[in-house]
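The sequence and structure are shown first.

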Amino acid sequence: MRAALVLATLLRSSRAFTARRAAPQITARRAAPTTTRMASAPALFDPTPFYATAQPPETKDFMMQQVMVRVKDPETSLKFYCEVLGFRLVMFRDFPQWGFSVYFVAHGLTGPVPEDEDARWRYCMTTPGCVELTWNHGSEAADGAVYNTGNSDATGSGDGGKVKGGFGHLGITVPDVYDACERFKALGATFSKTPNSGGMKGLAFVKDPDGYLIEVLPQGPMLTKPVDCDGVAVDGGEYKDNSK
């Protein structure tokens, strides 16, 4: 009898010990700090050493002269860039044997564009910050958009999926972003972002006829006004990534 009691006691103790070992450690897991499971933010790249980087002497006369975008209709694009954004035509060339034409437009011209063709070429090639509008002959007859703008655009993707391209936008600076956008709106420009919309205030994005974004920034401090050209108040809004 006594042996049976001892055996029963040992069995109960063994089961209790086993149960304690098998019990899930819920309390311990809950107590673990959650920050240990969060991925740390990547370190930002520090570009400041490049401020002091000496320009190679061989490049002292180099110039950022142009950026090129393809356009569907040259007349429509030239009207927008020249009449809405205030660019001037610096030079154009037609290449019918290869089926395309190019048009160079720029801001800040200090005098008249030369009439002589060779002089005009030299003038254009020494004018910084040109936009080269390239027209592939016949594209104007196509239905809908022809070129992908690089900003979450499905044009030309084949499968209809949006493409996150490398191109983002062109950019101009103006004395007053709000006044400039009032004028753009009056001229029928399409906005991707008005000065007060979104999370970043005091700048805007307008679209050219092909949908390329043109950023509009101030030439001085980033100032804001209570209401913009679309009636959007300066308070509120969230940042929007144009590439998504």
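## Basis of the description

Two residues are said to be in contact when their heavy atoms lie within 4.5 Å. By that criterion, and leaving out residues up to four places away in sequence, Phe184 touches Val84, Leu85, Ile172, Ala189, Phe191, Val206 and Val216.

The model is predicted. Its protein chain has a mean pLDDT of 85, with 81% of the residues at 70 or more. Over residues 1-36, however, the pLDDT is below 50, and this stretch has two contacts in the model beyond near neighbours in sequence. Where pLDDT is low, the predicted coordinates should not be read in detail.

## Overall architecture

The protein chain contains five helices and 10 strands. Of its 244 residues, 30% are buried. Its accessible surface comes to about 16,300 Å², and carbon and sulfur atoms account for 58% of that area. Among contacts between residues at least 6 apart in sequence, 61% join residues at least 24 apart.

Strand S2 (residues 88-95) pairs with S3 in the antiparallel sense over seven bridges. Within this pairing, Arg93 stands opposite Val102 in S3. The two strands form a hairpin with four residues between them, and Gly99 in the turn has a positive phi of about 80°.

S3 also runs antiparallel to S4, to which six bridges join it. Here Phe104 has Glu132 in S4 as its bridge partner. S3 is mostly covered, with six of its seven residues buried.

## Nonpolar cores

The largest nonpolar core has 29 residues, of which Tyr81, Leu85, Leu133, Ile172, Phe184, Ile214 and Val216 touch the most other members. Elements giving two or more residues to this core include helix H3 (74-84) and helix H5 (177-186), together with strands S1 (66-71), S3 (100-106), S4 (130-136) and S10 (213-218). Contacts of Phe184 include Leu85, Ile172 and Val216.

A second, separate core consists of nine residues, among them Val90, Val102, Ala106 and Cys124. In soluble globular proteins, nonpolar side chains tend to be buried together.

## The loop around Thr155

Thr155 lies in the loop between strand S5 (151-153) and strand S6 (163-164). Its side chain makes a polar contact of 2.8 Å with the side chain of Asp153. Leaving aside neighbours within four places in sequence, Thr155 is in contact with Ala145, Val146, Tyr147 and Asn148.

Notes. Residues numbered from 1 in each chain as written. Heavy atoms only, no water. pLDDT = per-residue confidence, 0-100. Polar contact = N/O pair within 3.5 Å; in protein donor to acceptor, adjacent residues only side chain to side chain. Core = buried A, V, L, I, M, F, W, Y, C linked by side-chain atoms within 4.5 Å. Buried < 20%, exposed > 50% of the residue type's maximum accessible area, 1.4 Å probe, protein only. Pairing = 2+ DSSP bridges. Areas by Shrake-Rupley, 256 points an atom, 1.4 Å probe, with all protein chains shown as cover.
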